[in-house]
Amino acid sequence: MSVEDRDSTKDLSDEMIVSRILDSGQNNLFAILFERYQKKVHCKCMSLLKNEDLAEEFVEEIFSKVFENLSTFQNRSLFSSWLYAVANNYCIDYLRNKKKLHYPNWNKENELPDIIDESSEDIPAINYGDLSKVLDLIHPEEKALILMKYQDGLSLRVIGESLRITEDAAKMRLKRAKARILFLYKKEFMDRECV
Amino acid sequence: MNIFQNMFKSKVRPTQKVAQAFDSRFPNAISVEWVCRNNDYEAVFYFDGIECIALYDDQGNLFLLKKNLSIDKLPKLIAEQSQKEGELMNAVAVESNQSVMYQLIVRDKALVRYVLYINEAGHITEKKTL
């Protein structure tokens, strides 16, 4: 892409870029989307996979998949939302299929000893570092749910489609994930302060 | 407000009629979150240690109740029917109009996932690929 072309397109919205690729065949514009989101997708992959080589490989594969399926992006949501849903789906499928992560078994073995009523708790403003530590203690599927909902702002319908569960299952697992995070946060950070 | 606080911030409050109906039916419910959609109110909450979803119309009538079921607590007939389709991954009991439907997620040997809807008589009324 020439410098002039880049200057004229860099301010285009993601959705306009997708339209130009699909309507006019300007496939080279996809590089702009890649540049915009490569780091963020890499962070998401690393967060779930915990493996740098795999995360780098997955970034390429995810963007390839997104490019191949661009015609299925229906502008019902933001492009970024759709991209993150694809990225999460790709990583979770890998963990389920290759790493044999089995959420129902894990959930049974890690039953919550105590469900704290979140509505009666005074929730502190913990920093992202401490939250990341707690998120690393829960199952990757629960972590993906939390990040998709509260970091990416995806709807529960889209989250369910991405993780290949029903919307009801997404709601209930999200409730459980939050209960687990609250329990672990209190145990790891608040109870220690009292000792 | 940071992401952690945002996770636990309740954004919607139900009407008084809905709140009273809910409190009467689920007196010890905890971690209740409300969403309003087309004048219906949906609560996602814990009751007796189980994740539940309750849907009310704006007059406070409960018209749908969904409860998470642990897989080993499924009725035998339902468990047997679902196992013919694959490995059971998730189970929800859906109560409405005094009947119960089971919403199940199964995965087959090729790891393809389906949602099954099975009625109390054990008949599969719907099967969709996820």
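Q: Start with α3 and α5 in chain A. At what angle do they pack, and how far apart are their axes?
A: The angle is about 35 degrees, and the axes of α3 (residues 30–49) and α5 (residues 79–97) of chain A sit 10 Å apart. Bear in mind that this is a predicted model.

Q: Is the crossing of α3(A) and α5(A) left-handed or right-handed?
A: Right-handed.

Q: Which residues meet there, going from α3(A) to α5(A)?
A: On the α3(A) side, they include A:Leu33, A:Tyr37, A:Val41, A:Cys45, A:Leu48 and A:Leu49. From α5(A), you get A:Phe79, A:Leu83, A:Tyr84, A:Ala87, A:Cys91, A:Ile92 and A:Leu95, among others. Among the partners are also A:Lys40 and A:Lys44 in α3(A), and A:Ser80 and A:Asn88 in α5(A).

Q: How does that contact split by class?
A: The α3(A)–α5(A) contact has 14 nonpolar residues, two polar and two charged.

Q: Zooming out, what is chain A made of?
A: Ten helices and zero strands. Its C-alpha trace spans about 65 × 30 × 30 Å along the principal axes.

Q: And what about chain B, how many helices and strands?
A: Three helices and eight strands. From the N terminus, the order is α-α-β-β-β-β-α-β-β-β-β. The C-alpha atoms of chain B fill a box of roughly 45 × 40 × 30 Å.

Q: Switching to pockets: what volume does the largest one have?
A: About 890 Å³. There are 34 lining residues, and the closest to the pocket centre are A:Asn107, A:Glu111, B:Asn68, B:Leaving the asparagine aside, B:Leu69 and B:Ser70.

Q: Which elements supply at least two residues each to that lining?
A: From chain A, α6 (103–109) and α10 (167–194); from chain B, β2 (40–47), β3 (50–56), β4 (62–69) and β5 (87–96).

Q: What's the make-up of the lining by class?
A: It has 15 nonpolar, seven polar and twelve charged residues.

Q: Last topic, confidence. What are the overall scores?
A: The model scores ipTM 0.95 and pTM 0.89. Chain B averages a pLDDT of 93, with 98% of the residues scoring at least 70. For chain A the mean is 88, and 92% of its residues reach 70 or more.

Q: Where in chain A is confidence lowest, and where highest?
A: Lowest in helix α1 (residues 3–9), at a mean of 60, and highest in helix α4 (residues 52–68), at 96.

Definitions and conventions: Residues are numbered from 1 along each chain as its sequence is written. Chains are lettered from A and ligands numbered from 1 in the order in which they are written. This is a predicted model: local features need pLDDT of at least 70, side-chain atom pairs count only at pLDDT 80 or more; totals for chains, interfaces and linings use all residues. Side-chain values use heavy atoms; hydrogens and water are left out. On a 1 Å grid over the protein atoms alone, a cavity is a set of points where a 1.4 Å probe fits but cannot get out, and a pocket is an open set with protein on both sides within 12 Å along at least five of seven lines; lining residues have an atom within 4 Å of a point. Grid points are joined across faces, edges and corners, and a volume is the space filled by probe spheres set on the points. Helices (H or I, at least four residues) and strands (E, at least two) are DSSP runs, numbered from the N terminus. Ala, Val, Leu, Ile, Met, Phe, Trp, Tyr, Cys and Pro count as nonpolar, Asp, Glu, Lys and Arg as charged, and the others, Gly among them, as polar. Axes are lines fitted to C-alpha atoms, for helices over the stretch in contact, and angles run from 0 to 180 degrees between N-to-C directions. A crossing is left-handed if the near helix is turned anticlockwise from the far one by less than a right angle, and right-handed if clockwise. Contact means heavy atoms within 4.5 Å. pLDDT is the predictor's confidence in each residue, from 0 to 100.
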